[in-house]
Amino acid sequence: MNTTKNNKIVIVGAGFVGTTLAWCLSCHYNGEIILIDKGQAGNGVTKQAFAWLNVSYGRPDAYSKLRQQAINEWHYLDRQTNGKLNINWSGAISWQETESATREFIDAYSESDFNVKALTKTELQTLEPQLATLPELAAFATEEGAVDPLHATQVLLQEALNNGVTYLPETEVTAINYDGKQILGIATSQGVICADQVILTAGVGIISLMEKLGEQLPLSASPSIIVQYQHQAETPFVRHIISTPDMEVRPISGTTLLAAEDYLNDCPENSATCIALNALPVIKKAFIGSDSLCLGKASVGMRPIPKDEMPIVGKVADYRGLYMISMHSAITLAPLICRLAQEEIINDTEQAALNPYRLTRFSAEGL
């Protein structure tokens, strides 16, 4: 497609996905790029992310391979941004309910050529000396890491702004404008913006925008609880990302732990704060020296989840100029997905790696 200065791309949603895409496009696109958010960049579901950059076990092989490529893409992104993202590549330690299940987990990773090391109890104690109870066998995914998603969003936003992207915070998109099947732009709380292409990266906010076009997306909100715990221990008692049947925690500073907890329902006794307080003694029991651990804050994030839990990426229905990106593991996948999407958006060059994740698969499979 022609990339003259008359061409305009609008990205709706300045979470980590939208901001990453804006940065990717800004490195290659000659036209105007506008990034819009109803609030402030990264302050929606992005800041509620556990942000564990992982491969994911028990998913289709092609998807696991995609996530493996996404980990590599994070290293590339880190180099491109001169280490400003502050990625912590400490690796992730995990174990399952039984030793045999942990062994199966390790073997599954090994078969996909992803580096996961089997840890004996002694080796685990060396890596995490303050674990109170040690399993006979643990898995150490040495290539996995974590990132502060809000910080990473801000870094990429600044890079995008440096490249000429226009950023419009506190601007709610109320409708997508179109004529027949041709996208014309968007209507916002601040007025109409004409555009050749509209890219939807607004998480669950995409659902209502598409409903106004008469399109029902196979997408719903999946709530999760993210908790920050504070402590005063002189020696941090958690060194890696740790995932077990009882907890999922990682250090985010010398005195702060981040935990991911399951959302149960909206009953008062299952509020984010109650769930976090119930999890506190479990975590304290798991680590020696954690006596000072206390609840900082707990909140619920509404993550977008496609019906089959796989990403949705690509053109929307048969609208000309409408494209969407929505995925459950947005932090892990965004750098890779956005780089591939950039080729489709700018050059209209279909990327084979994205073909399993088209919206059309739902109608094809009758989901």
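Start by selecting Ser326, which is buried at a relative accessible area of 2% (buried means under 20%, exposed over 50%, partly exposed in between, with a 1.4 Å probe and protein chains only). Ser326 sits in strand β19; strands here are DSSP runs of E with at least two residues, helices are runs of H or I with at least four, and both are numbered from the N terminus. Before you go on, know that this is a predicted model, where local features need pLDDT of at least 70, side-chain atom pairs count only at pLDDT 80 or more, and totals for chains, interfaces and linings use all residues. Residues are numbered from 1 along each chain as its sequence is written, and side-chain values use heavy atoms, with hydrogens and water left out.

Now show what surrounds Ser326. Leaving aside neighbours within four places in sequence, Ser326 is in contact with Ile206, Leu219, Pro304, Pro306, Pro311 and Ile312 (contact means heavy atoms within 4.5 Å).

Next, go to Ala317, in the loop between β18 (312–315) and β19 (322–326). Is Ala317 buried or partly exposed? Ala317 is partly exposed, at 41% relative accessible area. Check the backbone too: phi of Ala317 is near 50°, a positive value in a residue that isn't glycine. Most residues other than glycine have a negative phi. Asp348 is another non-glycine residue with a positive phi, about 55°, and you'll find Asp348 in the loop between α8 (330–347) and α9 (360–365).

Time to zoom out and colour by domain. Domain 1 takes in 8–48 + 150–218 + 307–362, and domain 2 covers 96–143 + 221–304; these bounds come from an automatic or database domain assignment. The centres of the two domains, taken over C-alpha atoms, are 32 Å apart.

What meets at the boundary? Seven residues of domain 1 are in contact with nine of domain 2. Together the domains bury about 750 Å², 61% of it on carbon and sulfur atoms (buried area is the accessible area, 1.4 Å probe, that two parts lose on being put together, summed over both). On the domain 1 side, select Gln48, Val204 and His328: they lose the most area to domain 2, together 68% of what that side buries.

Last stop: how many residue pairs are in polar contact between domain 1 and domain 2? There are two, both at pLDDT 80 or more. A polar contact is a pair of N or O atoms within 3.5 Å; within protein, one must be able to donate a hydrogen and the other to accept it, and residues adjacent in sequence count only if both atoms are side-chain atoms.
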